Amino acid sequence: MRHLLAVEDLSREQAERILERAESFAEVGRRDIKKVPTLRGRTIISLFYESSTRTSSSFELAAKRLSADLVSIKAVGSAVDKGESLKDTTSTLSAYDPAAIVIRAPQAGAAKLVAGWTDASVINAGDGKHEHPSQALLDVYTLRGRLGSLEGTRIWIVGDVSHSRVARSCLLAFKLMGAEVTLCGPPTLIPRGIADATGVAVRYDLDELAEADVVYALRMQRERMSESFVPSLREYAARYQIDERRLGPRQLLMHPGPVNRGVELAPEVIDSPQSLITAQVESGLVVRMAILYELLAGSDRARPDRGPAPAETPPRIGQPA
Amino acid sequence: MMMAKPSPALLQRPGDAAEMVIRGARVLDPRADLDAVRDIVVRGGEIAELAEPGAAEAPAGAESVGGVGLLVLPAFVDPHVHLRVPGQEHKEDLETGTRAAAAGGYCAVIAMANTEPPIDSAAVLGSVRERALFEASVPVGFVANVTQGMAGGELTEMAELREAGAVGFSDDGLPIRSARVLRRALQYQRLSGGVIALHEEDPDLSGDGVMHEGEVSAVLGLAGVPAVSESTMIARDCSLALYERARIHIQHLSARASVEEVARAKAAGVEVTCEASPHHLTLTDEAVRSLDAGFKMNPPLRSEDDRQALIEGLRDGTIDCVATDHAPHAPEEKEVPFEQAAMGVTGLEKAFAVLHTELVLPGVLELETLVERMTFGGEPFGIPAPRIEPGAPANLVLIDPAKEWVVGEDGYESRAFNSCFAGRTLTGRVLMTVAAGQVAYRRRSFAISAAAEVAG
């Protein structure tokens, strides 16, 4: 594996390998000295064109735990602010010969483009509303830690699916691992054609939520109100909020964060025993360590040998062949 | 009140009148009911004679072109190209754009007016028309804007623009959002006389969409442009045209619902013509799965069902003509994430080869139908379709129908290379184009063999 760009490109075997690796890193996290020398001397660049707390911090901490040198770039205050193109920024950063570039950008396909412009491994930390593969892997890891396997598990993803890269990556990852996925949300926020495109079920109300083993709630952004996707937060919460009444005692609750308390989740369920939200954040670190390890030190990733330049010089015009 | 009297519609750089004989080619012109092997004699830029093979006498000093196994068609007319002049010459100019047209077998193109500044005054129109006299290897007609600054608010001085040579009017690139403004323009057509060509899209429904709304956009998380964004505007504008007894031309149809609206309007007696592009006829939104900005255009590539409806419309005549919507862009405008990329693709140099390869050779479309649709594009703008008959100006394209080639293998005549067909192997290559009596294009290797034949 060279890049991690989308769950869509992942085989089950590749996903399993990352998840197993993450389990071995969980042990490292329990030591006093939580650092291994695996990536010593390798450079990792984290390039974030969008604000992020947990994804950027956990990738950065993961890189440090693996002893890599980390350069962290936020779009604000960098050359990006001065209108430099993604391609030029990639060239500039590639001049440092990084082993990996972790990128988040507000446009779909940005990470894939960067992968075409650099020799580094590229990790998509979120591209527009397209994919967020490391989130999906950490969610699978979290669920496997609780359930053992996702085979046959019924997972409902509830909320604003249209604007959610987490929903897209998770539904693919959950399906890849054998789960049955249902998307649920207001009809205005379920993208047209998603059921046919992915083979998931679509519901517009929570009436059958009891059938779910896992409820995965999505963040409801406030600006959706002004775009008339839903009439009001009040009506949204009345129809789609996961609360004590709706969440059964044997159902697990997940959320990618940050949570809008009182909107998609009632405060009492966030801190309930069924909630895996804190476990998700913990998983984030070990899964991202595993991703970096798999791409940069994994068994089938032979780093192209870049020794000194070849001695022979190209023939010059006029020189006999 | 008489209609405004138009100046000559098409302008081209003056050059030598063609003198040649094309011997033994299959000559096909459905409008002239002609499909036979002939020798074509061109004298003084006019078709002088269509003779039985071997029977033609070459005029003194005429070039002799061996045409055995080749195809001669009336050259094509594109009602919709962007030549980017004035203001965006880094993308294309009249010289490179018409060279691309000539290489694609076109004998006339109609340039859109969404330039910088837009062509919304007689002064700007006059300046581009004058440049065409020095730079255009293929005759160019220019449309002028419907509204000032393409802002959709106030009408341009359409009568004066018509007298100054506008072949029609269009705010292409943008829809005319206000039904009231379009209605005034249609009423004013009784004075100005030029057809109004319409980019149909409801901006409220398109929103910030960047591709077709469907299964692919759902998975990619890209905002979609629904097919109804186009078809509802077509329905509105056909109703207005019927009410005002006006003539409209609908640009770049992309959806089944749009074809159905136009068919309904034609049946109801609306004076409406319409066009479809080679890319909409041969590609679908599946191409966008790659997130390659080379497949970003407006209207977007739609579903297979939409594509089939376009083909059916082209076949049954609901769609009157093929238009490339040739939209050159600089590399840096396409080497960005899909959502940021400029919309549009180039088209002139391979339109025939694409449709010949994808529709004619598999038996989906008759060659005769394709020729009719590729030559009709000027008619909505008052420019008659070229014909192959004695006495007509020579507007001819010589094609090797069996020649395989790879798009982009020799670069492009256009300044831009944002082709959505780059790297594709196509069958059928333009070898020579004669436009308005002048040789506008010769394929290099072909020219050498022709010269050898003359020498031998």
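Helix H5 of chain A is mostly covered, with 11 of its 15 residues buried, where a residue counts as buried if 20 or more other C-beta atoms lie within 10 Å of its own, as exposed if 12 or fewer do, and as partly exposed in between, the C-beta atoms being placed from the backbone. This is a predicted model, in which local features need pLDDT of at least 70 and side-chain atom pairs count only at pLDDT 80 or more, while totals for chains, interfaces and linings use all residues. Residues are numbered from 1 along each chain as its sequence is written, and chains are lettered from A and ligands numbered from 1 in the order in which they are written.

H5(A) covers residues 133–147 and reaches 21 Å from its first C-alpha to its last, close to the 21 Å expected at 1.5 Å a residue, the expected span being 1.5 Å times one less than the number of residues. Helices (H or I, at least four residues) and strands (E, at least two) are DSSP runs, numbered from the N terminus. The buried residues of H5(A) include Pro133(A), Leu137(A), Leu138(A), Val140(A) and Tyr141(A), and among the elements that cover them are H1, S4, helix H6 (165–176) and H11 of chain A. Just after H5(A), Gly148(A) takes a positive phi of about 85 degrees.

On the scale of the whole chain, an automatic or database domain assignment divides chain A into domain 1 (7–131 + 283–297) and domain 2 (133–279). The contact between them takes 22 residues from domain 1 of chain A and 20 residues from domain 2 of chain A, two residues being in contact if their C-beta atoms, placed from the backbone, lie within 7 Å. On the domain 1 side, helix H1 (12–29), strand S4 (121–127) and helix H11 (277–297) of chain A each give two or more residues.

Chain A also meets chain B, in a contact that takes 22 residues from chain A and 17 residues from chain B. Helix H3 (86–94), helix H4 (110–117), H6 and helix H7 (194–198) of chain A give two or more residues to the chain A side, and the largest share, four residues, comes from H7(A). For the complex, the predictor gives an ipTM of 0.89 and a pTM of 0.92.

Chain B has a mean pLDDT of 95, and 96% of its residues reach 70 or more, pLDDT being the predictor's confidence in each residue, from 0 to 100. Its domain assignment gives domain 1 (20–72 + 393–455) and domain 2 (75–381), and 27 Å separate the centres of these two domains, taken over C-alpha atoms. Their contact takes 28 residues from domain 1 of chain B and 39 residues from domain 2 of chain B. On the domain 1 side, strand S17 (425–435) of chain B is one of the strands that supply at least two residues, and S17(B) gives the most, with eight residues.

The C-alpha atoms of Ala103(B) and Tyr441(B) are separated by 5.8 Å, although the two residues are 338 residues apart along the chain. Ala103(B) is buried, because 24 other C-beta atoms lie within 10 Å.
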